[in-house]
Amino acid sequence: MVRCTLILILFIVFVPVVSASSIQDLINKQSKISPNISISIKNITKNKMIVSHRYKARMTPASNQKILTTLTGLEFLGPNYKFQTHIYFIDSIDDSGIYKGDIYIDTKGDPSLTSKKIKKVILFFKQKGIKEINGNLVINNNYFEKPFYNKKWKSSWKGLSWAPYISSVAVDNNLYLKDETLYLTDNPLYLLGVIFKNQMRSNGIKLKGQIQLKNISNLVKLNPKKTKYSIDSKELSDLIYVVNKQSNNLYAEHIFKKISANYFRKSGSWRDSQKIMRFFLNKKVKIHNSEFNIEDGSGLSKYNSVTTNSIINLLEYATKRDYFNDFYNSLPIAGLDGTLLKRFKLKPLYKNMRAKTGYIKGVSSLSGYFYGKNNDLYIFSIIVNDYNYSIRNFIEKILTKTYYL
């Protein structure tokens with residue numbers, strides 16, 4: 001009996017006493033250091049707002065933009081959707097293994113194509129008896145609209161791996177090796193052609209024609225006599241895992257452009273994908289246009305803006321969708337993996353919080369979910385613009401206090 005009493009006393013002593021006023025005091029103190037901050041926290045189990053600090057202020061979200069992109073992708077494409085790349089030829093192969101026509105690669109926006117997958121195509125050619133191709137290697141170049149580089153990104157970022165060129169395919173993450181150094185290509189379609197040609201040469205198949213980047217006509221695509229080989233990506237649920245865990249800009253932008261290419265059945269573009277995301281946020285999530293502006297899918301543009309109120313509404317909307325587990329599992333786990341591997345190493349948030357980070361110069365953001373001490377589910381979004389490095393400690397403190405409410 002004495003031991004039980006002692007345990008109870010220790011529990012009472014070490015459980016923090018937290019009130020809404022103490023959380024507001026913490027926010028007031030931080031606001032003097034970081035005045036351009038917005039915070040929204042909601043207990044969705046009890047349908048109760050906990051914090052609404054400048055919650056209608058439009059903020060630059062950095063990579064929190066990927067929350068909008070991945071949820072729009074899940075909504076319009078579905079978690080089981082796969083990107084496809086089709087390779088085909090039409091003419092016959094003569095007895096000596098010479099193919100006189102063109103080889104066609106119909107790109108459909110896959111961000112995850114690899115040299116290893118291309119090698120399987122070349123082995124398929126060998127099985128068909130092809131030894132020499134007299135025609136050209138024709139690669140479809142109109143599935144995504146130009147420009148390949150977003151006009152709202154800084155020109156000084158060109159050539160940096162986290163500001164990639166977005167064409168209708170990415171192979172080996174748009175990276176190539178030269179003189180033992182990795183470089184980022186500014187022409188992903190041509191890189192695909194070079195890799196394809198090199199793979200053929202390595203496997204004894206000679207390409208006598210040229211690499212051509214142009215539209216493939218419907219007469220070719222719909223020809224019933226064509227021989228086709230298709231490469232499938234992993235399911236969208238696996239791709240958004242890469243987007244959110246690793247904050248992968250390349251995958252995010254490919255998914256963003258794919259949404260409009262798939263929906264409108266024309267070249268995918270940043271502008272058309274903005275329209276679809278706006279429709280999703282307006283009509284389905286019930287967020288007003290005044291609460292956001294969309295420029296890209298990754299969050300690299302400083303012209304993206306969103307309120308924290310919008311983000312928690314979107315995160316709450318996601319909990320009611322069939323794809324919620326796919327989205328939830330794609331978010332980094334506090335202290336355990338992804339971009340949260342080195343943060344939140346202490347309980348109660350350690351392994352208990354799943355959230356998307358965001359960072360570009362002058363911007364820090366974090367939005368996601370965690371469970372409180374009574375197992376209530378909380379949704380939160382914190383964005384600070386013109387920030388200083390005190391913000392991370394503040395975020396951990398305010399979320400920890402909320403846990404103990």
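**View 1. Ser273 is a buried residue in helix H9**. Its relative accessible area is 2%, and buried means under 20% (exposed is over 50%, partly exposed in between; 1.4 Å probe, protein chains only). This is a predicted model: local features need pLDDT of at least 70, side-chain atom pairs count only at pLDDT 80 or more, and totals for chains, interfaces and linings use all residues. Residues are numbered from 1 along each chain as its sequence is written, and side-chain values use heavy atoms, with hydrogens and water left out. Helix H9 covers residues 270-284. Helices (H or I, at least four residues) and strands (E, at least two) are DSSP runs, numbered from the N terminus. Which residues does Ser273 touch, not counting residues up to four places away in sequence? They are Phe256, Lys257, Ile259 and Ser260. A contact means heavy atoms within 4.5 Å.

**View 2. The largest nonpolar core has 86 residues**. Helix H8 (residues 249-264) gives the largest share of this core, 7 residues. A nonpolar core is a set of buried Ala, Val, Leu, Ile, Met, Phe, Trp, Tyr and Cys residues joined through side-chain atoms within 4.5 Å. The residues with the most contacts inside the core are Leu71, Phe125, Phe196, Leu281, Phe327 and Tyr369. In soluble globular proteins, nonpolar side chains tend to be buried together.

**View 3. Phe327 and the residues it touches**. Residues up to four places away in sequence are not counted here. Phe327 touches Ile67, Thr70, Leu71 and Leu74, among others. Its contacts also include Ile240, Asn244, Leu315, Ala318 and Tyr369. A second, separate core has 27 residues, among them Ile23, Leu340, Phe370 and Ile382.

**View 4. Three strands form an open sheet**. Their order is S4-S6-S10, and the pairing is parallel. Strands S4 (98-99) and S10 (206-207) are the edges, each pairing on one side only. Two strands pair if DSSP finds at least two bridges between them. S4 is joined to strand S6 (residues 132-133) by 2 bridges. Which residue of S6 stands opposite Ile98? It is Glu132.

View 5. The chain holds 12 helices and 17 strands. Of its 405 residues, 55% are buried. Among contacts between residues at least 6 apart in sequence, 69% join residues at least 24 apart.
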